[in-house]
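Morning, everyone. Please have the sequence and the model open side by side. I'll walk you through some of the features and say where to look.

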Amino acid sequence: MAPSDGAAAPLPPYLNIDRENHPAVLAGGRSRDAVAARDKDAWLANFAADGIVEDPVGPSMFDEAGVGHRGAQQLSEFWDKTIGSTEKIDFVFDREIICGDEVAYIGKIVTHIGGHITEAEGVFTYKADADGKLVALRAFWEVQQAMESLRPA
């Protein structure tokens, strides 16, 4: 229903998404920028106190129990055994889907490690809190497929 003064009613946020300033888009961008810069401190500072990383979601060689890495200490350990052990990580996202306080990207992550490259195709999600901090980073990719993509750089 239009306001009585004849002006059009403003669109609700879900019909008027601010893609450039969406908190999850910004938090996800800061996360990827910190990875590219090899800046562990900036990456950790981007998370809420109880933030979690599930990368990949479920059990893996990084998380045998499949419960994720929560809080500063576990996130720091995750960085050391994953991001910190790589030479470079490229984020190649084809699509962006924003819903509520989350954003999902469809594409792949290309990891350069030990003179080799792997590609993890999947869906990568970032959820931000009211302060713009990451509360969840979840990566849906299959370990076996990524391992099968291993090739010399």
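Start with a pair. Ile106 has Val123 in β5 as its bridge partner. Keep in mind that this is a predicted model.

Now zoom out to the strands around that pair. Strand β4 covers residues 102-113, and strand β5 covers residues 116-128. The two run antiparallel, and 12 bridges join them. Together β4 and β5 form a hairpin, with two residues between them. Look at Gly114 in that turn: its phi is positive, about 55°.

Stay on β5. How many bridges join β5 to strand β6? Seven, and these strands run antiparallel. Strand β6 is residues 134-141. To find a pair here, take Gly122, whose bridge partner in β6 is Trp141. β5 and β6 also make a hairpin, with five residues between them. Gly132 sits in that turn and has a positive phi of about 80°.

Find His116, and opposite His116 you will see Pro152 in β7.

One general point while we are on strands. In a regular strand, side chains alternate between the two faces of the sheet.

Next, the surface. Ile106 and Val123 come back here. With Ile97 and Phe140 they make a nonpolar surface patch of about 260 Å². Ile97 belongs to strand β3, residues 88-99. Ile97 is partly exposed, at 33%.

On to charges. How many salt bridges does the structure hold? Six. I'll show three of them.

Glu96 is partly exposed, with a relative accessible area of 27%. Arg19 is also partly exposed, at 39%.

Next on the list is Lys108 with Glu119. Their closest N and O atoms are 3.2 Å apart. Again the pair links distant parts of the chain: Lys108 in strand β4, Glu119 in strand β5, 11 residues apart. Are the two partners buried or exposed? Lys108 is partly exposed, with a relative accessible area of 24%. Glu119 has 19%, and buried means under 20%, so Glu119 counts as buried. Arg151 joins Lys108 and Glu119 in a network of salt bridges.

Now leave the strands and look at some loops. Asn46 lies in the loop between α2 and β1. Is Asn46 buried or exposed? Buried, with a relative accessible area of 4%. Which residues does Asn46 touch, leaving out those up to four places away in sequence? The answer is Ala27, Arg30, Ser31, Lys133 and Leu134.

Two backbone details to check. The peptide bond from Asp55 to Pro56 is cis, with omega near 0°. You will find Pro56 in the loop between β1 and β2. Then go to Arg38, in the loop between α1 and α2. Arg38 is not a glycine, yet its phi is positive, about 60°. Arg38 is partly exposed, with a relative accessible area of 32%.

Finally, the record. An unreviewed UniProt entry carries the annotation "domain: SnoaL-like" over residues 32-135. Over that stretch the chain is 22% helix and 47% strand. Its end C-alpha atoms are 15 Å apart.

Keep your models open, and let's take questions.

Note on methods: Residues are numbered from 1 along each chain as its sequence is written. This is a predicted model: local features need pLDDT of at least 70, side-chain atom pairs count only at pLDDT 80 or more; totals for chains, interfaces and linings use all residues. Side-chain values use heavy atoms; hydrogens and water are left out. Patches are made of residues with over 30% relative accessible area and no salt bridge: like charges are joined within 9 Å, nonpolar side chains (Val, Leu, Ile, Met, Phe, Trp, Tyr) within 5 Å. Accessible areas come from the Shrake-Rupley method with a 1.4 Å probe; for residues, only the protein chains shown count as cover. A salt bridge is a side-chain nitrogen of Lys or Arg within 4 Å of a carboxyl oxygen of Asp or Glu. Helices (H or I, at least four residues) and strands (E, at least two) are DSSP runs, numbered from the N terminus. Buried means under 20% relative accessible area, exposed over 50%, partly exposed in between (1.4 Å probe, protein chains only). UniProt positions are given in the numbering used here, feature names are shortened, and annotations may be inferred rather than shown by experiment. Two strands pair if DSSP finds at least two bridges between them. Contact means heavy atoms within 4.5 Å.
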